[in-house]
Amino acid sequence: MIMNPRVNSVQYQSPYLLIITFTNKEVKEFDFKPYLEYPVYEGLKDENYCKKAKVFNGAVIWDEFTDFDPDTLYLESKPLIAV
């Protein structure tokens, strides 16, 4: 089974975009505006909270309840730089 790359680093970029560097050195942009309608992502409507994004176990998290799976991030983001 081939796995998608995991997140190596993340930066929040207003409004509601993440700039993600993956373990394969690809840099992609993930727009999470469409997810804001789901209750689990309600807190991300606050841009100050969005700035707290961090990497944990190859995923992007904000707290123990709010995260994005690395496969979702990789598959649904658009490439910025390919190495």
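**Rings, strands and contacts**

User: How many aromatic pairs does a search of the whole structure find?

Analyst: Good place to start, and keep in mind that this model is predicted: local features need pLDDT of at least 70, side-chain atom pairs count only at pLDDT 80 or more, and totals for chains, interfaces and linings use all residues. Residues are numbered from 1 along each chain as its sequence is written, and side-chain values use heavy atoms, with hydrogens and water left out. Rings of Phe, Tyr and Trp (its six-membered ring) pair if their centres lie within 6.5 Å. On that basis, the number of aromatic pairs found in the whole structure is 12.

User: What kind of pair do the rings of Phe30 and Tyr35 make?

Analyst: A pair of aromatic rings is described by the distance of the centres and the angle of the planes. Planes under 30 degrees apart count as stacked, over 60 as edge-to-face and the rest as tilted. The ring centres of Phe30 and Tyr35 are 5.8 Å apart and their planes stand at 40 degrees, so the pair is tilted.

User: Which residue forms an edge-to-face pair with Tyr35?

Analyst: Here the planes stand at 80 degrees, with 5.6 Å from centre to centre.

User: Which ring does Lys28 lie over?

Analyst: A charge sits over a ring if NZ of Lys or CZ of Arg is within 6 Å of the ring centre and within 35 degrees of the ring normal. Lys28 lies at 3.7 Å from the ring centre, over the face of Tyr74.

User: How many bridges join β2 to β3?

Analyst: Strands are DSSP runs (E, at least two residues; helices are H or I, at least four), numbered from the N terminus, and two strands pair if DSSP finds at least two bridges between them. Strand β2 (residues 17–22) runs antiparallel to β3, with Thr21 opposite Val27 and Leu17 bridged to Asp31. In their hairpin, which has four residues between the strands, Lys25 takes a positive phi near 80 degrees. The bridges that join β2 to β3 number five.

User: Is Glu29 buried or exposed?

Analyst: Glu29 lies in strand β3 (residues 27–31), where four of the five residues are buried. Leaving aside neighbours within four places in sequence, Glu29 is in contact (heavy atoms within 4.5 Å) with Leu17, Leu18, Ile19, Ser77, Lys78 and Leu80. Because the relative accessible area of Glu29 is 16%, this residue counts as buried.

User: Which strands stand at the edges of the open three-stranded sheet?

Analyst: The three strands follow the order β4-β5-β6, with antiparallel pairing. Each edge strand has a single partner strand, so one side of each is left without a neighbour in the sheet; the edges are β4 (54–56) and β6.

User: What separates the C-alpha atoms of Thr66 and Leu44?

Analyst: Thr66 is found in the loop between β5 (59–61) and β6 (67–68), and its relative accessible area of 6% is why this residue counts as buried. Not counting residues up to four places away in sequence, Thr66 touches Val40, Tyr41, Leu44, Tyr49 and Ile61. Thr66 and Leu44 are 22 residues apart along the chain, and their C-alpha atoms are separated by 8.6 Å.

Terms used
Buried < 20%, exposed > 50% of the residue type's maximum accessible area, 1.4 Å probe, protein only.
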